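Hi,

Here is the structure I promised to pass on. My notes on its cores and pockets follow below.

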Amino acid sequence: MNLIIGSHVSFNKDKQMLGSVIEALSYGSNTFMFYTGAPQNTNRSAICSNLTDLAHNLMLNENINIDDVVVHAPYIINLANDKNFDFNVKFLKEEIERVEALGVKKLVLHPGSHVNLGLEKGTSNIIKALNECLTSKTNVIVCLETMAGKGSEIGYRFEQLKEILDGVKLKDKVGVCLDTCHINDAGYDLNNFDEVLDEFDKIIGLDKLLVLHINDSKNIKGARKDRHENIGYGTIGFDNLIKIIYNEKLKDVPKILETPYVDTPIGKLAPYKREIMMIKDKKFNDNLVNDIVSDNK
């Protein structure tokens, strides 16, 4: 099985996607995901075509398929609520244009929170917004992320995502990103992932599953809290995550780690190199902190 594995990486104004590729390669990745700016605000630098070309050339040399690369839309976009609706639509349109300029095909988006409007109205708003943002000329697929169900989040049940997908006119412009921590926290049983995948296929269809976020969870099943944990150190467990990652039905789906940075004696450090090694070796690392520190000396 050709494992497509990577993690969240940085994207800064000086090196842009070229820096993202270099960071991903340092972790032993063959894909990656990034924000095009801080997820909590609208500050964005102009996309530099020269840096983008250099990034694409490096990916080509290192056998990273651009079709496996993912951009994550900023958290501040909330399509479900009436408040600032026009702003959210405008900013998502701009983000889609930035992703297109980078040559990336997949944009992961949190569906949104209805904030007391109710599920029906919130879902209607999401559908309306997506239909305003997506055109026949759009070269990006918006991948709606499965959510944990905290607060008034929409998208923590497969049926909710199905309703949104059904309401979008341009079906080929939308898909799903499945987050293992989120669906655990939403109440799906990852001890029986094949059954969960069968349910997803029956409700939505596996052809719509385009990205996997691989995270362990600090929470018990159904907690609806959304707190990521490092691979094998949470309630989902290493063996369950390995079964998900190596599921033959998902072999062509990019797997992206969003696990937390690790507290070490020399500060918070990225765990991705060691976690990817664990995944490739299919062997749990119970000495993660020390090995991460060793890598950074």
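By nonpolar core I mean a set of buried Ala, Val, Leu, Ile, Met, Phe, Trp, Tyr and Cys residues joined through side-chain atoms within 4.5 Å, where buried is under 20% relative accessible area with a 1.4 Å probe, protein chains only. Keep in mind that this is a predicted model: local features need pLDDT of at least 70, side-chain atom pairs count only at pLDDT 80 or more, and totals for chains, interfaces and linings use all residues. Numbering runs from 1 along each chain as its sequence is written, and side-chain values use heavy atoms, with hydrogens and water left out.

The largest core holds 85 residues, and M17, F32, F34 and L130 have the most contacts inside it. Helix α3 (residues 85-102; helices are DSSP runs of H or I, at least four residues) gives the most to this core, seven residues. There's also a second, separate core of eight residues, with V108, C177, V211 and I256 among them.

On to pockets (open sets of 1 Å grid points where a 1.4 Å probe fits, with protein on both sides within 12 Å along at least five of seven lines; lining residues have an atom within 4 Å of a point). Of its 19 lining residues, Y35, Y75, H228, E258 and T259 lie nearest the centre.

The second largest pocket comes to about 150 Å³. Its lining is S26, Y27, L269, A270, K273, R274, I292, D295 and N296, with α9 (272-281) and α10 (288-295) each supplying at least two of the residues.

Cheers

Key. Buried means under 20% relative accessible area, exposed over 50%, partly exposed in between (1.4 Å probe, protein chains only). Grid points are joined across faces, edges and corners, and a volume is the space filled by probe spheres set on the points.
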